[in-house]
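I set out to record what can be looked up in this structure.

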Amino acid sequence: MAASRTERPEPAPARMRPRDVLRVGAAGLRTRPLRAFLSALGVAIGIAATVGVVGVSSSSGAELDRTLSALGTNLLTVSSGRTLLGEEAEMPPDAEAMIERIGPVESASAVGRVDGAQVYRSEEIPEEQTGGISVYAARADLLAAVGATVRSGVWLDGATLRHPAVVLGATAARRLGVGAAGPDVQVVVGGERFTVVGVLDPVPLAAELDAAALVGWPVAEEVLDFDGHPTILYTRCEEARLEAVREVLAATASPEAPNEVEVSRPSDALAAKQAAGRAFTGLLLGVGGVALLVGGVGVANTMVVSVLERRAEIGLRRSLGATRGQIRTQFLAESLLLSALGGAGGVLLGAAATTGYALQAGWPVVVPAWATAGGLAATLAIGALAGLYPAVRAARLSPTEALAAP
Amino acid sequence: MTPPTVSLVDVSRTYPGGVTALAGVSLEIARGELIAIAGPSGSGKSTLLNVIGTLDRPTSGTVRIDGYDVPALSDRGLSALRATTIGFVFQHFHLADRVTALDNVAGGLLYSGLGRAERRRRAAAALERVGLGHRLDHEPHELSGGERQRVAIARAVAGDPPLLLADEPTGALDSVSGAGVMELLHDLNASGTTIVIITHDREIAASLPRRVGMRDGRIVSDSAADPSHPSHPSDLTRSNQPTRPTDPSEPTDPSDPTGSTDSGDSGGRPAAGAVPGSEAA
């Protein structure tokens, strides 16, 4: 017997190189490609959903920013509200001129509702079918003030302001069945025939003009009994002094009853609409998160089954000298790889969906980097969580038990 | 004098529930031996192999493998010991499907700390050594049973471990392939590797220089323990000829080779747990 030998120091296991860890993890997936693909698909769908939702909402936000920067955010509108007694308030006829005297105001324009005037396609239309179209008297500089564009025909000019000519808003034109402006296209406004000289594009900053028939201020006064009181004033002012202008606007437009007018900034309304959309995006994001969770459960399931099926392999690796830690690392690596594959596929899918949707809607394509990075980080977290339990179980398996498995 | 590769003193292994797989086994295997451990199913020979292979820890007793005190080592230490010192060959090969022979063998060196290129180089050399130099790129399903077991042996010896443990290496093979595998193991032993083979094939046990018989968790015979008993296969073969079946014996066969050898021993049945003199081997 040679029991008197001195103790040898405990042998230390060799470290596995990161590339080998990766290779071993990938080998586990390669042997069952269909299963790996399906469980990666679960994660991919979750990631694609979240990236797509964020991408589409970001793209629509970018579109709004583009619209606003084209239209300008320096537009303030003053509209007449109601008196304390509930009657319709009136702004004085010289309100527009007074506003133009405020220093930072660059331009001002106005429309005035022509009360009682209705618009019909022809005299044959029954009187009660008004189509909900309002008739407004408009100044020549209205178009520039609200940032509207003419889709067909021309805007009112010095001559047509005084003649029975009308420019229709986009909605009004559709309701009247007017496709394009022309010298022979006529509609009946307040009982008189007016020639449609132009049709507008939708006006994002002054949506009230979409359902309006716009006629010249002078012709409205002469032919349609317009009282000359402006209903809505459109004011462009220096962006930096906008708040200051806003404070004095009501008092300037209606010195006698400043509380009877409402001052608003249409670009704010658009932004608010966008914010409301964002809340909906949050909801969709939650749905995407749930999908991601389900995908994670799929990965965990795959890993648990994999550990059960591969007991013999685990036993073999232990007999070849793998430590518990190395077995744990192998299955964790496999799980991480699986969900990373799903995550990468999901990001690509989500980006593709965003691109398709945005291009089809004519928006700029925006896939935020934070969404991509966040999606990938989420998949890695999911992979780690899903793989942890199976990996620990695999590592705890005793080598003899594992080898005894068929 | 070099220390024995394997040294077990009074080793017991009981499982929860009171099953005793090993009951006071003492065994010493010197460097360079080629030894068969034979016995019926449930005799404890697989447990003995697991203990020698450090895959299982004894309930009591001393186990020294290559000079290391096994019960004193941590799980990490045992893993490292297996990676450097012990090669395993299994009855059912345990080869990875859809992986070439070369990569199967190279995978056996994964925990040795060698780089991939070196692992593949050594794997190619090991496959050359087992006579499969022309089958490097073949996957297990493209190989015969005998070739698969050769790949498994190549994997076990690729890291040049001093100790090779084979659990029924021919159990799943036809006799011609089995003979080829045994020839390979003899060659490996001739080049210096200590080899322990578990088998219940009498012919195979008989062909090895040293035979240890097991029953009920004890060593009931050791051809090296009794100098009067010649370490010659003809003994076993002769004594078993009348009852030897063509197939591997039934586990409960009363004419078990180890048992009948014992009864023929002039020195009588060695006491179970007796320390065999390894010098005699």
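This is a predicted model: local features need pLDDT of at least 70, side-chain atom pairs count only at pLDDT 80 or more; totals for chains, interfaces and linings use all residues.

Entry 1, a pair within one helix. I looked up Glu243(A) and Arg246(A) and found their side chains joined in a salt bridge at 3.8 Å, N to O; the term requires a side-chain nitrogen of Lys or Arg within 4 Å of a carboxyl oxygen of Asp or Glu. Both residues belong to helix H7 (residues 242-253) of chain A and stand three residues apart, about one turn of the helix. Helices (H or I, at least four residues) and strands (E, at least two) are DSSP runs numbered from the N terminus. An α-helix has 3.6 residues a turn, so residues three or four places apart point the same way. Glu243(A) is partly exposed, with a relative accessible area of 45%, and Arg246(A) at 25% is also partly exposed. I use buried for under 20% relative accessible area, exposed for over 50% and partly exposed for what lies in between (1.4 Å probe, protein chains only).

Residues are numbered from 1 along each chain as its sequence is written, chains are lettered from A and ligands numbered from 1 in the order in which they are written, and side-chain values use heavy atoms, with hydrogens and water left out.

Arg310(A) and Glu334(A) form one at 2.8 Å, N to O. Arg310(A) lies in the loop between helix H8 (266-309) and H9 of chain A and Glu334(A) in helix H10 of chain A, so this pair ties together parts 24 residues apart in sequence. Both Arg310(A) and Glu334(A) are buried. They also belong to a network of salt bridges with Glu313(A) and Arg317(A). Asp160(B) is exposed at 55% relative accessibility, whereas Arg129(B) is partly exposed at 38%.

I count 41 residues of chain B in contact with 36 residues of chain A, contact being heavy atoms within 4.5 Å. The two chains bury about 3,300 Å² between them, 55% of it on carbon and sulfur atoms; this is the accessible area (1.4 Å probe) lost on being put together, summed over both parts. Three salt bridges run between chain B and chain A, and one salt bridge joins Arg318(A) to Asp75(B) at 2.9 Å, N to O. Strand E1 (6-15), strand E5 (68-69), helix H2 (75-85) and helix H4 (116-129) of chain B each supply at least two residues of the side that touches chain A. H2(B) gives the most, with eight residues.

Which residues of H2(B) are buried? I list Asp75(B), Gly77(B), Leu78(B), Ser79(B), Ala80(B), Leu81(B), Arg82(B) and Thr85(B). Their cover includes helix H9 (311-319) and helix H10 (324-361) of chain A.
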